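Please keep the sequence and the three-dimensional view at hand while reading.

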Amino acid sequence: MSGNYPFVVHYRLHGQAHSVEVDASSEALTPSQARSHVESLHTSAKSSDITDIRVTAGQHGGPTQPGHQQASNS
């Protein structure tokens, strides 16, 4: 596959807002795929602890905001 596609996944964990940058290998990242990725980051959390998952397009080399994590969807 050619290139990576950047996305930002926004979600709530235990009621607190979080977001993570994800590089996907396809042009689309579904909320279900995003949930799987977020759950892999928070292995001690229950699936029900992760709510309000929203996926937006990201930008390579964009500014990193405090409190954000960068991750790869490999």
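## Overall architecture

The structure is a predicted model. Its chain contains one helix and four strands, and these elements follow the order β-β-α-β-β along the sequence. Of the 74 residues in the chain, 28% count as buried. The accessible surface amounts to about 4,900 Å², and carbon and sulfur atoms account for 47% of that surface.

Among contacts between residues at least 6 apart in sequence, 59% join residues that are at least 24 apart.

## Strand pairing

Strand β1 has antiparallel pairings with β2 and with β3. With β2, the pairing extends over nine bridges. With β3, which covers residues 50-57, β1 is joined by six bridges.

Particular residue pairs show how the strands are set against each other. F7 lies opposite V22 of β2, and L13 lies opposite Q16 of β2. On the β3 side, H10 has R54 as its bridge partner. β1 and β2 together make a hairpin, with two residues between the strands.

## The nonpolar core

Which residues make up the largest nonpolar core? The core consists of twelve residues: F7, V9, Y11, L13, V20, V22, A24, L29, A34, V38, A45 and I50. Three elements each supply two or more of these residues, namely β1 (5-13), β2 (16-24) and α1 (31-41). The greatest contribution comes from β1, which provides four residues.

F7 is located in strand β1. F7 counts as buried because its relative accessibility is 9%, below the 20% limit for that class. Beyond neighbours within four places in sequence, the contacts of F7 include V20, V22, A24 and L29, as well as V55, T56, A57 and G58. F7 and A34 are 27 residues apart along the chain, and their C-alpha atoms are separated by 9.5 Å. V38, for its part, touches V9, Y11, V20 and I50 when residues up to four places away in sequence are not counted.

## A salt bridge in the helix

How many salt bridges are counted? The count is one salt bridge. The side chains of R35 and E39 meet in a salt bridge, with a nitrogen-to-oxygen distance of 3.3 Å. Both residues belong to helix α1 and are four residues apart, about one turn of the helix.

R35 has a relative accessible area of 25% and is therefore partly exposed. E39, at 28% relative accessibility, is likewise classed as partly exposed.

## Two positive phi angles

Most residues other than glycine have a negative phi. H14 has a phi near 55°, a positive value in a residue that is not glycine. H14 is placed in the loop between β1 and β2. Its relative accessible area is 56%, so H14 is exposed.

D52 also has a positive phi of about 55° although it is not a glycine. D52 is located within strand β3. With 55% relative accessibility, D52 counts as exposed, since that class begins over 50%.

## Confidence of the model

The mean pLDDT of the chain is 83, and 76% of its residues reach 70 or more. Where does the pLDDT stay under 50? Over residues 63-68 the pLDDT stays under 50, and the model gives this stretch four contacts beyond four places in sequence. Residues 70-74 also have a pLDDT below 50, and this stretch has 13 contacts in the model beyond near neighbours in sequence.

Methods:
Residues numbered from 1 in each chain as written. Predicted model: local features only at pLDDT ≥ 70, side-chain atom pairs only at ≥ 80, totals over all residues. Heavy atoms only, no water. Core = buried A, V, L, I, M, F, W, Y, C linked by side-chain atoms within 4.5 Å. Buried < 20%, exposed > 50% of the residue type's maximum accessible area, 1.4 Å probe, protein only. Contact = heavy atoms within 4.5 Å. Pairing = 2+ DSSP bridges. pLDDT = per-residue confidence, 0-100. Areas by Shrake-Rupley, 256 points an atom, 1.4 Å probe, with all protein chains shown as cover. Salt bridge = Lys/Arg side-chain N within 4 Å of Asp/Glu carboxyl O.
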